[in-house]
Amino acid sequence: MSGSGPLVVGVVGAGKISEQYLANMAQYPDLDVRFVADLFPDLARSRADEFGVAGSGTVEALMARDDVELVVNLTIPLAHAEVASAALASGKHVWNEKPIAAARVDAAGLVAQAAAAGLLIGTAPDTFLGPGLQRTRQMIERGDIGTPLTASMVFQTAGPHSWHPNPEFLYQAGGGPLLDMAPYYLTAMTQIFGPISRVAALGSSAGPTRVIGSGPREGESFDVTVPTHVSALYEFAGGLKAQAVFSFDSALKRVGILEISGTDATIAPPDPNRFTGDIRLITADSPEEQLIPAGDRPAGRGIGAVDMARAIRGGAAYGGHRATGALALHVLEAMFATAESIDSGEFVRVESRFEPIPALPDDWDPTQRTV
Ligand SMILES: NC(=O)c1ccc[n+]([C@@H]2O[C@H](COP(=O)([O-])OP(=O)(O)OC[C@H]3O[C@@H](n4cnc5c(N)ncnc54)[C@H](O)[C@@H]3O)[C@@H](O)[C@H]2O)c1
């Protein structure tokens, strides 16, 4: 057990997703957000003001604060490793947005650095901690679909350049539909079924540039340097076989599709990029689809940081946190294996493994004060 009272948090990165995090974390009393930092301190100031956070400024100023215990890293993927490593070096735990880092070596380095320092590193997505995927997991584990055999994952849109005001990072190293969107689907799958053992994939791109579709920079063109369409086959160490499409090249939008088929039934949880919704169950002997509400237990981006706060304060009695760096590192390795297979035309093995991720208790509620 370490410390007492709400875990003191500093946020780095005052961009688009910081709005959701700051709004949610204000509702989670086990977290106490005291500082917002950004490369642009004015941006940090206005975000801090918007959400009633007292402190704001540079990353260096945040790292120098003795009171901050957890850095919530909401920078772009290419900055994740540098910011997270500086936080760990300052003796602070880290919650990272996904992917854990833009390079495999950096991700492995962060996990090792945290372990050596006796600090925790957690990584988004935390959507799998929402009732949608937790309930789905319970249903699979109690045998509702029989023996799980196969799965399908689909995320396809025309791409986020149409709505994101600064979308370059989503089309460069650390981004693309693979590193930006596959974490939701592959984390959902691996927390239930364990590690992926090998991957084969094809990739392509609709063109070398895109044009920003909204915001102050609308009409500006930028370079695309990663595949924008990926189709992949994943084999899990436990034997399950899955197929996936991750694409920014489709005028037809189909997102949030995760369908898991077993010997007795197919289950389709809500969008793995969301926290709740209806679960669909289709059994072999009754083709009528059953809609099972996952429930409205409170959940939103940031609950992974609450889980960390409870693990840090509660020690062994709470058990570990769930969205671990080791899980994120495995998912990153699976994504890099996907990219490697696109280049080589061969199956690529995924060697890393992670401790099983415990399910959340049904009454787990981030809006309750517990520390
Ligand atoms: N936008 C979304 O809907 C969304 C959803 C889920 C997850 N995410 C993830 O959240 C992260 C941020 O995404 P975003 O859309 O908010 O991006 P963004 O570009 O809107 O914001 C990123 C912010 O980080 C700051 N920044 C960049 N490098 C920095 C550094 N070295 N030090 C300090 N500040 C730095 C930028 O100035 C910017 O304000 C990404 O990892 C992304 O994958 C985004």
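Helix α6 (residues 131–141) is largely enclosed by the rest of the structure, because eight of its 11 residues are buried, where buried means under 20% relative accessible area with a 1.4 Å probe and protein chains only. Helices here are DSSP runs of H or I with at least four residues, and strands are E runs of at least two, both numbered from the N terminus. This is a predicted model, in which local features need pLDDT of at least 70 and side-chain atom pairs count only at pLDDT 80 or more, while totals for chains, interfaces and linings use all residues. Residues are numbered from 1 along each chain as its sequence is written, and side-chain values use heavy atoms, leaving out hydrogens and water.

**Around helix α6**
- The buried residues of α6 are P131, G132, L133, Q134, T136, R137, M139 and I140.
- Among the elements that cover these buried residues are β7 (148–156), α7 and β13 (254–262), with contact meaning heavy atoms within 4.5 Å.
- After α6 comes G143, which has a positive phi near 95°.

**Aromatic pairs**
- Rings of Phe, Tyr and Trp (its six-membered ring) pair if their centres lie within 6.5 Å, and planes under 30 degrees apart count as stacked, over 60 as edge-to-face and the rest as tilted; by this rule there are five aromatic pairs.
- The rings of F193 and F236 are edge-to-face, because their centres are 6.4 Å apart and their planes stand at 75°.
- This pair links distant parts of the chain, since F193 in helix α7 (residues 176–193) and F236 in strand β11 (residues 229–236) are 43 residues apart.
- F236 is buried, with a relative accessible area of 1%, and F193 also counts as buried, at 17%.

Definitions and conventions: Buried < 20%, exposed > 50% of the residue type's maximum accessible area, 1.4 Å probe, protein only.
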